[in-house]
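Let's look together at how the ligands sit in this model, one question at a time.

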Amino acid sequence: MSGALLRVEHLSLDYRIGGRTVRALDGADLVLDEGASIGVVGESGSGKSTLGSAVGRLLPRAAHLAGGGVRVAGEPVFDLAPAALRRLRRELLGFVFQDPIASLDPTMRVGRQLRLVLGRRAGDKEVAGHLERVRLDPAVARAYPHQLSGGMAQRVAIAMAMATEPRLLVADEPTAALDSQVREEVLNVVFGLAAEAGAGIVWLSHDLPAVARRCERVAVMYGGRVVEEGPAAEVLGRPAHPYTAALARSAPAAAGPGTRLVPVPGRPPVLTGPAPGCAFAPRCAFAIDRCSRERPALARVGGQTVLCHRAGEPVLTAAREAEVDA
Ligand SMILES: Nc1ncnc2c1ncn2[C@@H]1O[C@H](COP(=O)(O)OP(=O)(O)OP(=O)(O)O)[C@@H](O)[C@H]1O
Ligand code: SF4
Ligand SMILES: [Mg+2]
């Protein structure tokens, strides 16, 4: 086993509710090195949040492991006893979610919540220091969560997640509910603190342009699998998977005002079990017979890893070149 900070290996995960099963992850793979940042993108329902929560095994009761696993700093997250899992979460992981108010305790002042994370001996000065690191006035320590704006509450949540100096921060759409100016400020805080601390970031997001600006690497999810992964500029600028190409057209990484967005035609799948072939086949302009029958294996195209039977074929390259030139 190499020394990767995070290693998600063929992870399959089902939600079972009543008699119904939804396969949220269908053999997802992801590797992240110490201190690196990766943006995980994909349409709604592609499995981003499930993957992020699985990193700390912070999954709802309805979730069931169906195969594979996750290692954080070599520790097998799904095989750990409860005490070891709690220690791993406390010592190595930090989480920031979309809704900051919901992730804070409404009955407790901000300062007290931070002190609980920091440990009993933390004094006012230390609490103030953590608030200042996320560019908040130390007076915020006396506030209750409902007295904060969305941007302030998200900074408090970030301060709490970073207070224990995690080696890996998982951020699930932490800025989706914020307006654009506050969004940039919050992103500066998250990425600035992580860089300072040498922490790795898994950032789950719909926001392709922001991912392209902030993350070193990008993983594209579709139907519960990572269908393309590689350096951000290559994955978003020269996609090797037909789905990434469609997604990049729908939200170009370098989109300027007036850019025409082309929605990905068709609907994403809702799987009830392992996909028999490529889950993108019904929407893919390049699908061939075997696509709906055989699951694609990982292939390398340039610096990218791609799950596509036709990866690297001239027909895909030609389509990609035509778009880059257009
Ligand atoms: N708690 C749950 N119970 C049942 N099904 C769930 C639950 N959470 C997610 N799912 C289903 O699992 C699949 C993956 O969902 P997930 O939330 O991981 O996707 P996502 O990429 O984060 O989507 P979004 O962009 O909307 O946040 C979807 O089909 C979703 O409906
Ligand atoms: S495996 Fe086939 S259907 Fe899937 S993306 Fe590649 S060409 Fe399209
Ligand atoms: Mg989500």
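Q: Which residues come nearest to ligand 1?
A: This is a predicted model, where local features need pLDDT of at least 70, side-chain atom pairs count only at pLDDT 80 or more, and totals for chains, interfaces and linings use all residues. Residues are numbered from 1 along each chain as its sequence is written, chains are lettered from A and ligands numbered from 1 in written order, and side-chain values use heavy atoms, leaving out hydrogens and water. A residue counts as near if one of its heavy atoms lies within 4 Å. Of the 14 residues around ligand 1, those that come nearest are Ser44, Gly45, Lys48, Ser49 and Thr50.

Q: How many Å is an oxygen atom of ligand 1 from an N or O atom in the side chain of Ser44?
A: Ligand 1 also has an oxygen atom 2.9 Å from a polar backbone atom of Ser49, and one 3.2 Å from a side-chain N or O atom of His206. For the side chain of Ser44, the distance is 2.4 Å.

Q: Which element gives the largest share of the shell around ligand 1?
A: Strand 1 (6-17), strand 2 (20-32) and helix 1 (48-55) each give two or more residues; these are DSSP runs (helices H or I, at least four residues; strands E, at least two), numbered from the N terminus. The largest share, three residues, comes from helix 1.

Methods
A polar contact is a pair of N or O atoms within 3.5 Å; within protein, one must be able to donate a hydrogen and the other to accept it, and residues adjacent in sequence count only if both atoms are side-chain atoms.
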